[in-house]
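Please read the points with the sequence and the model at hand.

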Amino acid sequence: MALLEVEELQTHFFTSAGIVRAVDGVSYTVEEGETVAVVGESGCGKSVSALSILRLIPWPPGRIVGGSIRFMGRDLLGLSDAEIRQVRGRDIGMVFQEPMTSLNPVLTIGRQLTEPLEAHLDKNDQQARERALELLRLVGISDPQRRLGQYPHHLSGGMRQRVMIAMALACEPKLIIADEPTTALDVTIQAQILELMKDLTQRLGVALVIITHNLGVVARYADRVNVMYAGRIIETGSARDIYHDPRHPYTLALLRSVPRLDQPRRARLDPVEGQPPDLTRLDGGCPFRPRCRYAIQRCATDYPPLMETGPGHRSACWRKDDLEPPLRKAS
Amino acid sequence: MATTSEIRVEAAFEEFERPRWRVSGIWQFARRQPLGAAGGIIVIIMILAALFADVLAPYDPVANDFMAMSEAPSWTHPLGTDQFGRDLLSRIIYGARTALFVGFVAAFVGGTAGLILGVTSAYFGGLFDLVFQRVMDVFMAFPLVIMALAVVAILGKGTENVILAILIPFIPRCARVVRSSALSIREMPYVDAARALGYRHHRIILRHMIPNVTAPFLIMLTAFVGQAILLEASLSYLGLGVQEPTPAWGLMLQGGAEEYAESAPWMPIFPGIAISLAVFGFNLFGDAIRDTLDPRLRAR
């Protein structure tokens, strides 16, 4: 049994402009200790799918309208409010995108680290404080004793993100969901934070769902990759499959739009032309069709399901076997 | 793993910004906000007068002295006496006790109730917020004095009822202001983060949101103390507030103004000055605190 099983998840937002199908039938699994990346451009539903796992979608306007989410065999969508609160922070930790604003500016670091321990594990002050020190050491923060009394504005962005990771790890969760954990950080710090997360999840045996639009992150840190487009997973496979043998035109286009050090400098970058589709007006066909250079007649009428292209590698494209390889010769 | 040298660099950077105000904070406040400091001094004098009234007051504030009725200010009675021969200075000093007690209790209780209700309303939002705000609108529709009059008329006189009458109209005013700041706090990622950590609603409201709205709350609170003192004086003046022979400024003003304004002007003038000074002091102090706490208004 997988640690997390998401099946046909549908999260819709009911707005005055119509129903936004932000997540429209997403299925994936996360095994224990595994790192899964969810990749896609802004507005493709990757954050919403992650927030749905913890039922953090604000209603109104958003609501999970279909599918199931099973975590360690329990159906998270069927839990009461009190039960899901027990899962949040305790079984599943979350790291947010903005370390600058994800820590409460008026509470000390120590307070924010000890609070989940008090709320979930009923630790007393002394125990919680010791655990907080241990956590700060774990995430590589120097002089933890002093940090406990400091406020978030005393820390740099990288250190705040380390504190966020420490908070997510506080109750020894089985799974951590990281929603673009490095997007707001300097490039030099990004690598540190990612290395830290990889190292800690491996050492502590925690599974990690990492949401990102950065393909570089995916290549190095993920065991498995789900590429999302317009609320659905359009390709899934190992990081190696996705990088060296993409089987969906969108994945291919993404890879070609990123500069690579292993390519000649004159190699041309191809932006993905056009705009992502309006999620209130999806027809029955493939949503990537208007931007796709491989589109055929069938794409307009039938939505392609995820089809096997290799062991553990599936793609939702009718022409998955006709694509070019991702690397081209310099022009 | 991140190298320790990089962490040291981060740590070194952060040494640049250390909390700047400690003991010199008060001095800096006085220099930047001279008016506020003056208000603060008035407030402190009032508090001291209230605390040490027993020591400071030369006479018993309720003792009649029929040998010295309606005496003009003199060396024995610096502010004169009233028609029962009670020493006005002593009564004003003791009156500070009544005024501050009513002022602080009403402002604090009313303000705190408004704080909790306002943040709760903003946190839950939706229909609850809508209904709650309309109820607050109804309360706000009454002018402060009319509302207080209604409460006293229903509950009767006496110091506790006066406090209640004053604090009820404060609740919607505080709730309204606090709610507007709390609405922006609710959208902050750290509130989402608190929800993602599985905290209960009351924990998020009390521990995570309320500390973030203390600045507007404190400003409201200082303004409320001044208003409450004025309201208490008004109610006492109208005969609906504190009852004789308790020394209260509004009561003294009323007792003096009706019959003795011409023949013995010191009787209404000194309590009137005390009321004005107190309200003035709290308002100046409150304004200065607002300017100091609000970084946009802080002169650099």
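1. A crossing is called left-handed if the near helix is turned anticlockwise from the far one by less than a right angle, and right-handed if clockwise. Helices (H or I, at least four residues) and strands (E, at least two) are DSSP runs, numbered from the N terminus. By that convention, H3(A) and H4(A) form a right-handed crossing.

2. The model is a predicted one, in which local features need pLDDT of at least 70 and side-chain atom pairs count only at pLDDT 80 or more, while totals for chains, interfaces and linings use all residues. Residues are numbered from 1 along each chain as its sequence is written, and chains are lettered from A and ligands numbered from 1 in the order in which they are written.

3. Chain A contains 11 helices and 12 strands. Its C-alpha trace spans about 65 × 50 × 40 Å along the principal axes.

4. Of the 331 residues in chain A, 46% are buried (20 or more other C-beta atoms within 10 Å of the residue's own; exposed means 12 or fewer, partly exposed in between, with C-beta atoms placed from the backbone). Among the contacts in chain A with a separation of 6 or more, 65% join residues 24 or more positions apart; two residues are in contact if their C-beta atoms, placed from the backbone, lie within 7 Å.

5. Helix H3 (residues 109-121) of chain A packs on helix H4 (residues 125-138) of chain A at an angle of about 120°, with the axes 9 Å apart. Axes are lines fitted to C-alpha atoms, for helices over the stretch in contact, and angles run from 0 to 180 degrees between N-to-C directions. H3(A) is therefore oblique to H4(A) (under 35 degrees is roughly parallel, over 145 roughly antiparallel, 65 to 115 roughly perpendicular and the rest oblique). Residues of H3(A) in the contact include Leu113(A) and Leu117(A), and those of H4(A) include Ala132(A) and Leu135(A). The contact divides into 5 nonpolar, 2 polar and 3 charged residues (Ala, Val, Leu, Ile, Met, Phe, Trp, Tyr, Cys and Pro count as nonpolar, Asp, Glu, Lys and Arg as charged, and the others, Gly among them, as polar).

6. Asp122(A) lies in the loop between H3 and H4 of chain A. Its phi is near 55°, positive although the residue is not glycine. Asp122(A) is exposed, with 9 C-beta neighbours inside 10 Å. Glu180(A), in the loop between strand E7 (175-179) and helix H7 (187-204) of chain A, also has a positive phi, near 45°. Glu180(A) is partly exposed, with 19 other C-beta atoms within 10 Å. As background, most residues other than glycine have a negative phi.

7. In chain B, the axes of helix H11 (residues 214-237) and helix H12 (residues 249-260) come within 7 Å and cross at roughly 40°. H11(B) and H12(B) are therefore oblique to each other, and their crossing is right-handed.

8. Which chain gives 32 residues to the contact between the chains? Chain A does, whereas chain B gives 25. On the side of chain B, H1(B) gives the most, with 7 residues. That side divides into 13 nonpolar, 3 polar and 9 charged residues.
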